[in-house]
Amino acid sequence: ARAALRLVRTDLHARAVHLLDALVTEAERPDRSRVFRDSAVQALRRVGTEQTLQHLAELLRHPGAERERILRFMVFVGGEAIPLLEGVLFRAGDPDLRREIFRGLLRLEGLAGRVMARALADPSPGRARVILELALLPEVEPEQSIRWVTDAAGHADPTVRMDAAHHAATLGGRGGLRVLVDLLSDRERLVQRAAIEGLGSVADSQSIPFLARLLNETSDEELQVAAVTTLGKVGSAEALPVLLALVNKRSLFASRRVGRVKTAAVAAIARIPSPASRDVLASLAAGRDSDVADEARRALETLG
């Protein structure tokens, strides 16, 4: 440990880190006596002064074996090393370094969760967005990832909530679906749009009633078209009544041309792989509304 302390501030810092890693290995060996392990731990803690830890944190910018050994040492020592690692985590522009630090924090029970909670409690979006991307690491249990994404969905900043929608779609499952459905009611249009697109990626028929409610409640044509497109991506025949109702809907301000929502609804019907969808298109193609009939015929032609 004394040798490492002398070397860590020189050009031989890689050798110092190698010595520290050897001490950690000895301290963790189950076949060593308790006295030996305790002495190794005490030696490591004597080395882990604030100045030394700060210098080691600066050396984390070098990738490779040295970085791995420094992280292992700092996580093992704990104490003042943990706030230093947390600071590097949020300042680092290198995504690989962020992931390696977070993996190290995951080795300490409950620590990663506390870091995540502090980041999400920060009203500024920077820390929350950085830490949220790490929630999808394969080392994180899916249930824990969903809890973090759910918390992020309630953040004050809309960019964090948009990220939560994207990550919920990536996670999928019942947890991801629940987060996306909740974000359909967000006060920000861009967050709603992200949630709609996320539901298209998840493609779960359980989202159909919630998308239908959104279509009834919003007058935003962009959101309506996005929701209709997502219903087509879900690809379930359960969406046909919702889509057909949109096509047949009358408007006091209807023009001679088919509106974007109706056009999107016809296209969504064509995307649903069901004999019932072809029957619906055939019925529309023979209907009185010539513009809708033209759209339906074109859709049938694409199906062959």
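**Exercise 1. Burial of helix 6**

Determine how many residues of helix 6 are buried, and state which elements cover them.

*Solution.* Helix 6 is mostly covered, with 9 of its 11 residues buried. Buried means under 20% relative accessible area, exposed over 50%, and partly exposed in between (1.4 Å probe, protein chains only). Helices are DSSP runs of H or I with at least four residues, numbered from the N terminus. The model is a predicted one, in which local features need pLDDT of at least 70, side-chain atom pairs count only at pLDDT 80 or more, and totals for chains, interfaces and linings use all residues. Residues are numbered from 1 along each chain as its sequence is written, and side-chain values use heavy atoms, with hydrogens and water left out.

The buried set consists of Ala81, Ile82, Leu84, Leu85, Glu86, Gly87, Val88, Leu89 and Phe90. Their cover includes helix 4, helix 5, helix 7, helix 8 (111-121) and helix 9 (125-133).

**Exercise 2. Helix 6 against helix 7**

Describe the packing of helix 6 (residues 81-91) on helix 7 (residues 95-106).

*Solution.* Two packed helices are described by the angle between their axes and the distance between the axes.

1. The axes of helix 6 and helix 7 come within 9 Å and cross at roughly 150°. Axes are lines fitted to C-alpha atoms, for helices over the stretch in contact, and angles run from 0 to 180 degrees between N-to-C directions.
2. Helix 6 is therefore roughly antiparallel to helix 7, a term for angles over 145 degrees.
3. The crossing of these two helices is left-handed, that is, the near helix is turned anticlockwise from the far one by less than a right angle.
4. From helix 6, Leu85, Val88 and Leu89 meet Leu97, Arg98, Ile101, Phe102 and Leu105 of helix 7. Contact means heavy atoms within 4.5 Å.
5. By class, this contact of helix 6 with helix 7 has 7 nonpolar, no polar and 1 charged residues. Ala, Val, Leu, Ile, Met, Phe, Trp, Tyr, Cys and Pro count as nonpolar, Asp, Glu, Lys and Arg as charged, and the others, Gly among them, as polar.

**Exercise 3. Lys233 and Ala203**

Where is Lys233 found, and which residues does Lys233 touch?

*Solution.* 

1. Lys233 is found in helix 15 (residues 221-234).
2. Lys233 is partly exposed, because its relative accessible area is 41%.
3. Not counting residues up to four places away in sequence, Lys233 touches Gly200, Ala203 and Arg271.
4. Ala203 lies in the loop between helix 13 and helix 14 (208-217). Its phi is near 55°, a positive value in a residue other than glycine.

How values were computed:
Angles under 35 degrees count as roughly parallel, over 145 as roughly antiparallel, 65 to 115 as roughly perpendicular and the rest as oblique.
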